[in-house]
Amino acid sequence: HQGIQNWVKDLNATYRNENAFFEINYTPEGFEWIDYSDNDNIVLSLIRKSKDSYLIFVLNFSPVVRYNYRIGLPTNDKLKEILNSDAGEYGGSKVTNTHIKVDEKQWHGRTYSTEINLPPLAGIIIKPQK
């Protein structure tokens, strides 16, 4: 299937180009949970870090779209969705985030948070834009 081939190609390219995927992979400083206990929505969120950057991963294991799903953020950096397994080019239903607004609202024990739309049975990667 062409969509799956495109997904794997883009995921591999993102892995190669984003140090936060691998740079400090084998130390506790390279990984941080945002939330691992949302059993009701079946969603996991985490941060992967490098020495000078980070990526946010949000995984929805439910077949239901999660609109306006709030996650805590490590900073108030401007954010951009850089990969979404539900995008049209991968054969998905096209539930994406074109604009991510950062709020000064405490969530998950953090000062900042955002609301995003989570596609069903999919994962997204969000990157700070410095």
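This is a predicted model: local features need pLDDT of at least 70, side-chain atom pairs count only at pLDDT 80 or more; totals for chains, interfaces and linings use all residues.
Visitor: How many residues apart are R70 and D103?

Guide: The pair links distant parts of the chain, with R70 in strand β4 (residues 66-73) and D103 in strand β6. Strand β6 covers residues 102-103. Strands are DSSP E runs of at least two residues, helices are H or I runs of at least four, and both are numbered from the N terminus. The gap between R70 and D103 is 33 residues.

Visitor: With which side chain does the side chain of D103 make a polar contact?

Guide: Start with contacts, meaning heavy atoms within 4.5 Å: leaving aside neighbours within four places in sequence, D103 has R70, T111, Y112, S113 and T114. A polar contact asks for a pair of N or O atoms within 3.5 Å; within protein, one must be able to donate a hydrogen and the other to accept it, and residues adjacent in sequence count only if both atoms are side-chain atoms. At 3.1 Å, the partner of the D103 side chain is R70.

Visitor: Which residues are linked with R70 and D103 in a network of salt bridges?

Guide: The structure holds six salt bridges. Some of these join up, and the residues linked in a network with R70 and D103 are K101 and E115.

Visitor: How many residues apart are the parts tied together by E18 and K127?

Guide: E18 and K127 form a salt bridge, with their closest N and O atoms 2.9 Å apart. E18 lies in the loop between α1 (2-17) and β1, and K127 is in strand β8 (residues 122-129), so the pair ties together parts whose sequence separation is 109 residues.

Visitor: In which strand does E32 lie?

Guide: E32 forms a salt bridge with R110, the closest N and O atoms being 2.7 Å apart. R110 lies in the loop between β6 and β7 (112-118), so the pair ties together parts 78 residues apart in sequence, and the strand that holds E32 is β1.

Visitor: What is the area of the nonpolar surface patch made by F31, W33 and Y36?

Guide: F31 sits in strand β1 (residues 31-38), and its 33% relative accessibility makes it partly exposed. Patches take residues with over 30% relative accessible area and no salt bridge, joining like charges within 9 Å and nonpolar side chains (Val, Leu, Ile, Met, Phe, Trp, Tyr) within 5 Å. F31, W33 and Y36 make a patch of about 330 Å².

Visitor: Which residues does Y67 touch, not counting those up to four places away in sequence?

Guide: Y67 lies in strand β4, and its relative accessible area of 55% makes it exposed. Leaving out residues up to four places away in sequence, Y67 touches I116 and N117.

Visitor: What is the radius of gyration of the chain?

Guide: The chain follows the pattern α-β-β-β-β-β-β-β-β. The globule rule (2.2 Å times the number of residues to the power 0.38, with the radius taken over C-alpha atoms) gives 14 Å for 130 residues, so the chain is as compact as a globular protein of that length, with a radius of gyration of 14 Å.

Methods
Residues are numbered from 1 along each chain as its sequence is written. Side-chain values use heavy atoms; hydrogens and water are left out. Accessible areas come from the Shrake-Rupley method with a 1.4 Å probe; for residues, only the protein chains shown count as cover. A salt bridge is a side-chain nitrogen of Lys or Arg within 4 Å of a carboxyl oxygen of Asp or Glu. Buried means under 20% relative accessible area, exposed over 50%, partly exposed in between (1.4 Å probe, protein chains only).
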